[in-house]
Amino acid sequence: MKKILFLCLLGIFNIGYAQENKDTKNYLLTPSGSYSIGYKDLYIINNKICPDTFYHPSVNEKDFSQENNKFCHEINARIYYPSKEKSLLISEYDREAIMRSIHFYNKKFKLKESELITLKTLLDVKTYNSKNAAPSIENKKFPIIIFLPGSGLSVQSYNIIINELVSYGYIILGLNSFFVNGAIKQANGHVVEPPEKYNDSGRLENFADLKFILDNLQFLDYGIKVKQQINFENVNLLGHSMGAMSIVNLFKEKQNIHVNSLLLMDPGNILEAANYPIKPIKIPTMTIWSSLFKHLLKGQTQLGKNNFDLVLSPSIKNINYSNHENFTDLSKLQYHPAYHIPQIHESIHDPMTLGVGLGNGDTIANDLMKYIVVFFNMYAKKEQNKSLEMCRSLDKNSILNCGKVLSY
């Protein structure tokens, strides 16, 4: 099982091919809410981890910012916020992740020149969020969601989820832990690459980052205009894979944490089966599983009040319908021409890579967003939803189980 989890660390572009998208320009989901999306990067030194576990004297000093003379652990926090500027499909996708993917596949398959050119067209993919866009001019505060991505994956790998939530009036603070969440760019432009082999130190640092950010949430330098938008009394948590399990471990350690709601996507890490079953969490919690990940890891949750367990599959027997990276942008990016290259397609189509499932990626992305938005609207914004209150699936492609639901 450790081999399975290690393979999923290869990054966002470990994807499968199922059905071609007719739209040749937009490989992401268009945000459906009323707000546009801006973002800015915050660079934070976690002075609770000094030196960083991944620091090697005389080897990787350049991977730490100049002012960090104790070589403490660092975080690139990207905050996404409602903007008054119009959302256009213009911003560059995560270049660091793409270049890492191109290098990996070229080295593995010794691609022909024509195939390498095709693979490099991934650099043309655009997103709907804009760096340093002007915040919303409304005199209004928005709930904040702290987001922890999976190991080997950066926050920028989840544009579909982040853009959709922000468009509905949420602020997302995504945490990129250096050496843990993929290739991350420092403020000076230097790219910090993750180690070739993942180890347990990444899980522990990711968990420590979550606690550090919660303790210092109101003191980060967001900029006055962005900070004025944040409702610090309405904090929520969202995580994928290792990031989701960091949230679970936080509540194992201490139950009375001041957050409103939690959403966990394929919670898991190298502890494997020791994670399960996940015991009831007193705070409203939705756990969403891809069908294959749940099957392979035998993922289970025990449901308490306001706890939901969802499987992205129309049937419990259809274990290949969705997979671990259907939570990332891969649900739609998998239809990009770069992944028509046969050897790449064949290598990532193997379920053991924990890529995407065999179900229609567009459908999975849309169904996933329904649940995420409805759940946070219900518990962060106190909006009623009869379907969840009655434990009724929102679509025909998912299996929903619930604890006792308290309506608002």
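Biologist: How many disulfides does the structure hold?

Modeller: The structure, which is a predicted model, holds two disulfides, and with bonded cysteines counted along the chain they follow the pattern 1-2, 3-4.

Biologist: Which cysteine is joined to Cys50?

Modeller: Cys50 is joined to Cys72, with an S to S distance of 1.9 Å. That pair links distant parts of the chain, 22 residues apart, and both Cys50 and Cys72 are in the loop between strand S1 (36-46) and strand S2 (73-83).

Biologist: And what is the handedness of the disulfide of Cys50 and Cys72?

Modeller: The disulfide is right-handed, because the torsion about the S-S bond of Cys50 and Cys72 is about 105°.

Biologist: Is Cys72 buried or exposed?

Modeller: Cys72 is buried, at a relative accessible area of 5%, whereas Cys50 is partly exposed, at a relative accessible area of 37%.

Biologist: What about Cys391, which cysteine does it form a disulfide with?

Modeller: Cys391 forms a disulfide with Cys402, and their sulfur atoms are 2.1 Å apart. This pair, too, links distant parts of the chain, with Cys391 in the loop between helix H12 (386-389) and strand S14 (399-402) and Cys402 in strand S14, eleven residues apart. The torsion about the S-S bond of Cys391 and Cys402 is about 95°, so this disulfide is right-handed. Cys391 counts as partly exposed, with 31% relative accessibility.

Biologist: Changing topic, where does Ala338 lie?

Modeller: Ala338 lies in the loop between helix H9 (330-333) and helix H10 (342-349), and with 0% relative accessibility it counts as buried.

Biologist: Which residues is Ala338 in contact with, leaving aside its neighbours within four places in sequence?

Modeller: With those neighbours left aside, Ala338 is in contact with Thr118, Leu119, Thr121, Leu122 and Ile344. For Thr118, which is 220 residues away from Ala338 along the chain, the C-alpha atoms of the two residues are separated by 5.4 Å.

Biologist: Helix H3, then: which of its residues are buried?

Modeller: In helix H3, residues 113-120, the buried ones are Glu115, Leu116 and Leu119. They are on the same side of H3, because they cover an arc of only 100° around the axis. The cover over the buried residues of H3 includes helix H2 (95-109) and H10.

Biologist: Why would residues three or four places apart in an α-helix point the same way?

Modeller: An α-helix has 3.6 residues a turn, so residues at that spacing point the same way.

Biologist: How many residues of H4 are buried?

Modeller: Nine of the nine residues of H4 are buried, so H4 is largely enclosed by the rest of the structure. Among them are Asn159, Asn163, Glu164 and Ser167, as well as Ile160, Ile161 and Ile162. After H4 comes Gly169, whose phi is positive, near 95°.

Biologist: How many aromatic pairs are there in the structure?

Modeller: The structure holds 17 aromatic pairs. One of them is the edge-to-face pair of Phe147 and Tyr158, at 4.9 Å centre to centre and with 80° between the planes. It links distant parts of the chain, eleven residues apart, with Phe147 in strand S6 (residues 142-148) and Tyr158 in the loop between S6 and helix H4 (159-167). Both Phe147 and Tyr158 are buried.

Phe308 and Phe375 also form an edge-to-face pair, at 6.2 Å centre to centre and with 80° between the planes. Here Phe308 is in strand S13 (residues 307-312) and Phe375 is in helix H11 (residues 361-379), 67 residues apart. Phe308 is buried, with a relative accessible area of 1%, and Phe375 is buried, with a relative accessible area of 0%.

Biologist: Which residues do ring pairs link into a cluster?

Modeller: The cluster linked by ring pairs holds Phe54, Tyr55, Phe64, Phe71 and Phe179.

Biologist: What lies over the face of Tyr170?

Modeller: Lys381 lies over the face of Tyr170, at 4.4 Å from the ring centre.

Biologist: Back to S13, how many of its residues are buried?

Modeller: Six of its six residues are buried, and S13 is mostly covered. Asn307, Asp309 and Val311 point one way from S13, whereas Phe308, Leu310 and Leu312 point the other way.

Biologist: In which sense do S12 and S13 pair?

Modeller: Strand S12 (residues 285-290) and S13 pair in the parallel sense, over six bridges, and the bridge partner of Trp289 in S13 is Val311.

Note on methods
Residues are numbered from 1 along each chain as its sequence is written. This is a predicted model: local features need pLDDT of at least 70, side-chain atom pairs count only at pLDDT 80 or more; totals for chains, interfaces and linings use all residues. Side-chain values use heavy atoms; hydrogens and water are left out. A disulfide is a pair of cysteine sulfur atoms within 2.5 Å. Helices (H or I, at least four residues) and strands (E, at least two) are DSSP runs, numbered from the N terminus. Buried means under 20% relative accessible area, exposed over 50%, partly exposed in between (1.4 Å probe, protein chains only). Contact means heavy atoms within 4.5 Å. The arc is that of the directions from the helix axis to the C-beta atoms. Rings of Phe, Tyr and Trp (its six-membered ring) pair if their centres lie within 6.5 Å; planes under 30 degrees apart count as stacked, over 60 as edge-to-face and the rest as tilted. A charge sits over a ring if NZ of Lys or CZ of Arg is within 6 Å of the ring centre and within 35 degrees of the ring normal. Two strands pair if DSSP finds at least two bridges between them.
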